[in-house]
Amino acid sequence: MEKNKDNILHKYTQNEYKHGWVTDIESDTIPKGLNEDVIRMISKKKNEPQFLLDFRLKAYRYWKEMQMPSWAHLSIPEINYQDIVYYSAPKQKAGTKSMDDVDPELQKTFDRLGIPIDEQKRLAGVAVDAVMDSSSVKTTFKEKLAEKGIIFCSFSEAVQNHPDLIKEYMGTVVPYTDNYFAALNSAVFSDGSFCYIPKGVKTPMELSTYFRINAANTGQFERTLIVAEDDSYVSYLEGCTAPIRDNNQLHAAIVEIVAKNNAHVKYSTVQNWYPGDKNGKGGIYNFVTKRGMAQGNNSKISWTQVETGSAITWKYPSVILRGDNAVGEFYSVAVTNNHQQADTGTKMIHIGKNTKSTIVSKGISAGYSNNSYRGLVKITKNAENARNFSQCDSMLMGDKCGAHTFPYIETNNKTAIVEHEATTSKIGEDQIFYCNQRGINEEDAIGLIVNGYAKEVINKLPMEFAVEAQTLLQISLEGSVG
Amino acid sequence: MLKIKNLHTAIEGTEILKGIDLEVNKGEIHAIMGPNGSGKSTLASVLAGRELFEITQGEIIYEGKNLLEMNPEERAKEGIFLGFQYPVEIPGVSMMNFLKTALNEQRKHKGMEPLKSSDFLKMVREKKELVQIDSNLTNRSVNEGFSGGEKKRNEIFQMAMLNPKLSILDETDSGLDIDALRIVANGVNSLKSEDNATIVITHYQRLLNYIIPDKVHVLYEGKIVKSGDKNLAFELENKGYEWLAKEVSTE
C-alpha cells in the first residue's frame with residue numbers, strides 16, 4: 001500500500017506545470033530598470049499621443065511617492081523594481097506583410113497552448129486577442145465583430161484608432177491613484193485588450209484575451225478596458241500561463257469595465273500562471289486591480305474566476321453598483337498548493353437603490369499554502385434596499401496549510417439586508433475511501449470531490465472554459481492528499 | 001472465492017480480530033452476526049482495504065490472488081463491493097456522474113469500452129426498478145441530504161449497477177423500517193447468482209427473515225466462535241449472545 005502511494009506521488013511530481021516551456025523567439029527588449037526615460041521610451045515605441053504619455057508620467061510620479069502596501073495576509077519578498085524589464089515584445093519576422101500575418105513561431109506557441117489564432121482552425125465561437133509579454137500578437141474575428149459595430153482589438157491598436165474612447169474611459173474606474181500597483185501599471189502598461197459594445201448589441205461570440213509571459217525577467221503590465229453601452233451584452237474570457245523560471249515575475253494588470261443602462265458584462269478568468277516549484281521557488285506575482293462600474297440602471301457585472309496558478313495572488317475583482325437596480329456578482333474558486341499564497345476576494349460597493357450583490361467564494365488549500373478570502377460589502381447612505389448575500393467556503397487538504405476569511409461589512413443604510421455564510425471543511429479520507437471502494441483511484445477521487453465542491457462556480461463559466469477549469473483543479477491538487 | 005486464514009488485525013496497537021478463518025464459495029450467502037464491538041465492521045473494512053487497520057498475521061486469498069497486496073480500488077475493480085454502514089456524503093458530485101465514473105473504471109479494468117450514455121441511462125432505469133428506488137434519488141449529489149433509509153437503498157442500487165462478485169453488506173439493515181428492509185432484501189435476493197457471493201453483516205436476526213443465508217457465523221471478541229446454518233440465527237435471536245459468551249468462556 002505504501003509503495004503504491006509512492007508511485008502516485010512520483011507520478012504527480014512528473015505531472016507538473018504543463019505550460020512551462022519557452023518560445024525561442026527574438027524580442028525587442030529594453031534594458032532593466034524604471035525611470036521617466038523608460039516610460040518615454042515605451043510610449044514612443046507605441047507611437048502614443050501626448051495625453052497618454054502625460055498620463056503615464058503623472059502615474060509614475062505618483063507611484064514614486066508611494067509605499068508598497070503590507071496589509072495583506074501574504075509574505076512577499078522584497079521586489080526590486082529596478083531589476084525588472086518593463087518592455088519586451090516578440091519580434092515578428094521581416095517577411096510578414098500585413099497585420100494579420102503572424103510569425104509561425106508565435107502561431108505555434110499559441111497552438112501549443114490550445115489557443116489557435118488561425119481563424120480557420122477555430123471551431124468554437126470565440127474571438128481571441130493573444131498577448132505575449134508586452135504586445136498583442138493577433139486578434140481574431142475582428143472584421144466579423146466590426147460588422148456589428150463591436151470594437152475588439154489590442155489596447156495599442158485602440159490607442160491609435162480610437163483615441164477618443166480611450167481618453168474618455170481609461171482610468172475612470174481604476175484611477176492611477178487607486179493603489180500602488182494600479183499606479184505602477186498606469187505608468188508602464190504595454191498592451192492588453194480593448195472592447196467596445198455599441199448600444200443594443202449582443203456579442204455573437206465569446207470574446208477572450210489570452211495572456212502569455214515568455215521573456216525572462218520581464219514584468220507583464222497589461223490593461224483591459226471594456227465598455228458596454230446601453231442594452232448591450234458581452235461575455236469575456238481571460239486565460240493566462242507562463243514558463244517555468246526560478247525567478248519570480250511580476251504581473252500587475254488593470255481591468256476596467258463600464259456597464260451602462262441595462263448592459264450586462266460577464267467576465268471570466270481561468271488563471272494558471274506558473275505557481276513556482278514544490279519548494280516555492282519561482283512563480284508569478286499576480287497583483288491585479290480589476291473593477292467594474294455598473295453605472296447604468298439595471299446594469300449587471302459578473303466576475304467568475306478560477307485561480308490555480310501564481311506564486312502569490314493578490315486581487316479583488318470588484319463592482320461599484322452605481323445605477324439603480326444594478327447587480328454585481330463574484331464567483332470564485334481559488335486553489336493554493338505547495339507554497340502558493342493567495343489573498344483574494346471582492347468588493348461590492350452599493351450606491352444605487354435596490355442594488356443587489358452575490359458573492360460565492362470557494363477556497364481550497366493544500367500543501368504548505370495559505371489561502372485567504374478578503375471581501376468588503378459596503379452599503380452607502382443612499383443605497384435604499386440594498387441586498388447582499390455572501391458565502392465563503394474553505395476546504396483544507398492536509399494539516400500544513402491555512403485558510404483564512406476576512407469579511408468586512410459597512411452598512412450606512414438601515415434598509416440593507418446583508419447575509420454572510422462561511423464554512424470550513426476538510427477533504428475527508430472517508431470520502432476518498434468511498435470512491436476507492438467503487439473503483440475510482442485517489443487522484444480521480446480528489447478531482448471528483450473538489451469539482452463537486454467548486455461546482456457552483458464552475459457552472460458559471462462558459463462551456464469552453466468549464467472543462468479546462470475542471471481539469472486544472474484536478475492537476476493543481478495532485479499529490480496533496482497522502 | 002474467498003479464503004481467510006488466521007487473520008489478525010490491530011488498530012493503534014489494540015488487537016481487534018484475533019484469528020479469523022472463513023471460506024466463502026460462489027453462489028453462497030453468508031451471514032456474520034455478533035454483538036457490538038465484536039469486530040464485524042472491522043472485518044468488512046479489512047476486506048475492502050481500509051488502511052486504518054494493520055494486518056498483524058494471516059492471509060486473505062480472493063479468486064486465487066493475495067487480497068492484502070491489492071489497494072482498495074483494485075479490489076473494487078476485481079469485483080469486491082462494500083455496502084457501507086455509514087455511506088458518506090460527497091456534496092456537489094452528482095450520483096449519476098459518480099456511478100458512471102465508477103462503472104467505467106471497472107469496465108476499463110476488464111478491457112471494455114466506456115458505456116454509452118444511452119446504455120448507461122437504460123441500465124440505471126432497470127436497476128432502479130429492481131431496488132424500487134425513488135426516481136429523484138439519482139439526480140442528487142452522492143448521499144447528500146439522503147435519509148438513513150435512502151442511503152442504504154442507494155448502496156444496494158450501486159451494488160446492482162456494479163454487479164460485483166463478492167458483496168459485503170455492513171449492517172445494511174440498521175436503521176431501516178420494515179418496508180425498506182424488505183426492499184433491500186429483495187434487491188440482494190434478485191442479484192444473487194451462481195457466480196457471486198454475499199456476506200451479510202448484521203446485529204439482528206430480522207434481516208435473515210428475508211435473506212436466507214447458506215451459512216451463519218457468530219463473531220465474538222474478534223473470533224468466529226460458532227458457525228452453522230440459518231437455524232443458528234434463530235437460536236441467537238431466542239437465547240441472545242450471552243449464551244454464546246458463556247459457552248466460549250467455559251471452553
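**Note on a predicted two-chain model**

1. B:Glu63 sits in the loop of chain B that runs between strand E4 (54-62) and strand E5 (65-66), where helices (H or I, at least four residues) and strands (E, at least two) are DSSP runs numbered from the N terminus. Although B:Glu63 is not a glycine, its phi is positive, at about 50°. With a relative accessibility of 31%, B:Glu63 counts as partly exposed, given that buried means under 20% relative accessible area, exposed over 50%, and partly exposed in between (1.4 Å probe, protein chains only).

2. Residues are numbered from 1 along each chain as its sequence is written, chains are lettered from A and ligands numbered from 1 in the order in which they are written, and side-chain values use heavy atoms, with hydrogens and water left out.

3. A:Asn325 is not a glycine, yet it has a positive phi of about 60°, and its place is in the loop between strand E16 (318-321) and strand E17 (327-336) of chain A. At 33% relative accessibility, A:Asn325 counts as partly exposed.

4. Turning to chain B as a whole, the model gives it eight helices and 12 strands, and its C-alpha trace spans about 60 × 40 × 35 Å along the principal axes. A compact globule of 251 residues would have a radius of gyration near 18 Å, and the 18 Å of chain B agrees with this; the radius is taken over C-alpha atoms, and the globule rule is 2.2 Å times the number of residues to the power 0.38. Of the 251 residues of chain B, 55% count as buried, and the chain exposes about 11200 Å², of which carbon and sulfur atoms supply 45%; these accessible areas come from the Shrake-Rupley method with a 1.4 Å probe, and for residues only the protein chains shown count as cover.

5. Chain B also carries 32 positive and 38 negative side chains, and the centres of the two sets lie 4 Å apart. In this count Lys and Arg are positive and Asp and Glu negative, while His and the chain ends are not counted, and the place of a charge is taken as NZ of Lys, CZ of Arg, CG of Asp or CD of Glu. As for contacts, which mean heavy atoms within 4.5 Å, 68% of those in chain B between residues at least 6 apart in sequence join residues at least 24 apart.

6. Chain A has 11 helices and 23 strands, and 61% of its 482 residues count as buried. Among its contacts with a separation of 6 or more, 83% are made by residues 24 or more positions apart. Chain A exposes about 18500 Å², with 47% of this supplied by carbon and sulfur atoms.

7. Where the chains meet, 35 residues of chain B are in contact with 22 residues of chain A. The two chains bury about 2400 Å² between them, 62% of it on carbon and sulfur atoms; buried area is the accessible area (1.4 Å probe) that two parts lose on being put together, summed over both. B:Arg50, B:Glu73 and B:Val88 supply 23% of the area that chain B buries against chain A, more than any other three residues.

8. B:Tyr62, in strand E4, is buried with a relative accessible area of 1%, and, leaving aside residues up to four places away in sequence, it touches several others, among them B:Met1, B:Leu67, B:Ile80 and B:Leu166. B:Gly19, in strand E2 (residues 14-24), counts as buried at 17% relative accessibility. Although B:Gly19 and B:Ile224 are 205 residues apart along the chain, their C-alpha atoms are separated by 8.2 Å, and the residues that B:Gly19 touches include B:Gly222 and B:Lys223.

9. In chain A, A:Ala252 is found in the loop between strand E10 (248-251) and strand E11 (254-259), and it is buried, with a relative accessible area of 0%. The residues it touches include A:Phe181, A:Phe221 and A:Phe287. A:Phe211, in strand E7 (residues 206-212), counts as buried at 1% relative accessibility.

Key
Predicted model: local features only at pLDDT ≥ 70, side-chain atom pairs only at ≥ 80, totals over all residues.
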